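Please look through the sequence and the model below. The text after it takes them a few places at a time.

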Amino acid sequence: MKLFDYPEPVENWDLTINRYATQKVEFGAQGVAEKVAEIEALLKQKIAELDALPNDAALEKAEPDDLDAIKALRPPGERRLLTALPDNFRDRLEGAWLTRCSGCTLGSIVEGWKVDRMENWAAYLGDPFPLVDYWSQAEQPHLPRLKMSVRHDYTPSKMNGVPSDDDLNYTLLGLLVLEEYGPDFSVEDMGEAWVKYLPFAFTAEGIALENLRQGVPAMQAGALKNPCQNWIGADIRSDPWGYAAPGWPEKAAELAWRDAMISHRRNGVYAAMYWSAAISAAFAVDAPMDALRIALEEIPADSITAREIRWALDKAPSVSGYKDADALVQERYPGMWKSHSFQNNALTIWGLAVGGDDCTKVIGETVSMGQDNDCTAATAGSVFGAVYGAGAIPEHWTRNFNNKIHCYLNGHPTFALDDVVNRFAAQAERVVSD
């Protein structure tokens, strides 16, 4: 059964208006520019009216944005699993970071592709599918991707370091925030860091960044003119909070809330809190699915995110691979944008369930499921690596990383992978000893 009954989408209205306008100019009509301006003003008015429609009051009560109100609506939970770093913490942290890099890199050049498009590309190349290694070739290999890389850099023959990706940049930005402001950083501190370090951003993050640059206070930047508040952007920033608060899911979720409120609201925030808590819990358990269940204790029990995660966990035993996952998503979430948090939460869960203790299967199946698949595989990689450690990663996934990650944060074109692990370990020691 599908979750929402969306209205039929308005098809390419902006393209249609522009085509009519250019045609009328070509036919010599007068007043075209004035009519286009009139249409634009009317559209802005109607969008404002759409945004002003009252929300469901009962659902709004079940989905607060205030942190204390969120905590009050959580189910009972253990909240903290570790009071000291385990002896194997550095190995598990390295595993989380490297598998995150691997999953993200595998999905980057097919980000948002539908399953059949990936199947056809793999068949054309002769690559196995579902994936068991990086793509042997990239479509349009010469095209730049995220400023510091080109598309062929994501393939084994050209890879020299982890190529640039926004998901990984946010992990590094989180590290810088922890180092510069401390684990008690505020939403305002995060906003300041965004303006300092981010040259650009996308969807909800792009809107929030522009609002910040226009002087909108950090706590309001994500709520102003933002139709992407439930999307995946905040949860792709979850990892630094799980790394910094290992075995303390409540603390990781709190750190995630302070980050997520820059750009998201309600379910977009809960997705970030959930995955931060899951990554945190993964350092203290022996199986990823245990971490996924524990993380549910840190978000409002009656929110859509919590309900959909429970549904995904219930469905997990029946998902045998990417085809099953894709079919379930198409049935339950028709019309949902590929970067929405709801269906990507489910796909990340199913990737971990299908893959089990097999690193290649976890990230390969997750990417093969489609949707926002560099994000889902990166997050699944963090959970997997935090449970099983660096020794569980087959060598071919990290062979060409060369202890380097390419980055587009202002003033930070590269980081050393081992240095990132050491610096997160220092932050974890600082947080856990609190």
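**A walk through the model**

Leaving aside neighbours within four places in sequence, threonine 348 is in contact with Trp275, Thr376, Thr379 and Ala380. Contact here means heavy atoms within 4.5 Å. Threonine 348 belongs to helix α17. Helices (H or I, at least four residues) and strands (E, at least two) are DSSP runs, numbered from the N terminus. Threonine 348 is buried, at a relative accessible area of 3%. Buried means under 20% relative accessible area, exposed means over 50%, and partly exposed lies in between (1.4 Å probe, protein chains only).

A word on the source. This is a predicted model, in which local features need pLDDT of at least 70 and side-chain atom pairs count only at pLDDT 80 or more, while totals for chains, interfaces and linings use all residues. Residues are numbered from 1 along each chain as its sequence is written, and side-chain values use heavy atoms, with hydrogens and water left out.

Next come the aromatic rings. A search of the whole structure gives 18 aromatic pairs. Rings of Phe, Tyr and Trp (its six-membered ring) pair if their centres lie within 6.5 Å; planes under 30 degrees apart count as stacked, over 60 as edge-to-face and the rest as tilted. One of the pairs is phenylalanine 4 with tyrosine 6, which is tilted, with 5.6 Å centre to centre and 40° between the planes. Phenylalanine 4 is partly exposed at 27% relative accessibility. Tyrosine 6 is partly exposed too, at 35%. Tryptophan 311 and tryptophan 350 make an edge-to-face pair, 5.6 Å centre to centre with 65° between the planes. Tryptophan 311 lies in helix α15 (residues 304-315) and tryptophan 350 in helix α17 (residues 341-355), so this pair ties together parts 39 residues apart in sequence. Tryptophan 311 counts as buried because its relative accessibility is 15%. Tryptophan 350 is buried at 0%. Ring pairs also join Phe89, Tyr243, Phe283 and Phe424 into a cluster.

Some rings sit under a charge. The charged end of arginine 80 is over the ring of tryptophan 248, 3.6 Å from its centre. Arginine 117 places its charged end over the ring of tryptophan 113, 3.8 Å from the centre. For this, NZ of Lys or CZ of Arg must be within 6 Å of the ring centre and within 35 degrees of the ring normal.

Now turn to the cysteines. How many disulfides does the structure hold? It holds zero disulfides (a disulfide is a pair of cysteine sulfur atoms within 2.5 Å). Cysteine 228 is in no disulfide, and the nearest cysteine sulfur, that of cysteine 375, is 13 Å away. Cysteine 228 is buried at 8% relative accessibility. Cysteine 407 is buried, with a relative accessible area of 1%.

In β3 (residues 405-409), five of the five residues are buried. Ile405, Cys407 and Leu409 are on one side, His406 and Tyr408 on the other, and both faces are covered. Strand β3 pairs with strand β4 (residues 412-415) in the antiparallel sense, over three bridges. Two strands pair if DSSP finds at least two bridges between them. Leucine 409 has histidine 412 in β4 as its bridge partner. The two strands form a hairpin with two residues between them, and glycine 411 in the turn has a positive phi of about 80°.

Some backbone angles stand apart. Most residues other than glycine have a negative phi, and most peptide bonds are trans. The peptide bond from phenylalanine 129 to proline 130 is cis, with omega near 5°. Proline 130 lies in the loop between α6 (115-125) and β1 (144-145). Glutamine 140 is in the loop between α6 and β1, and its phi is positive, near 45°. Threonine 203 also has a positive phi, near 45°. Threonine 203 lies in helix α9 (residues 203-213).

The last stop is histidine 264, in the loop between α12 (249-260) and α13 (267-282). Histidine 264 is buried at 0% relative accessibility. Its contacts beyond four places in sequence include Cys228, Trp231 and Arg237.
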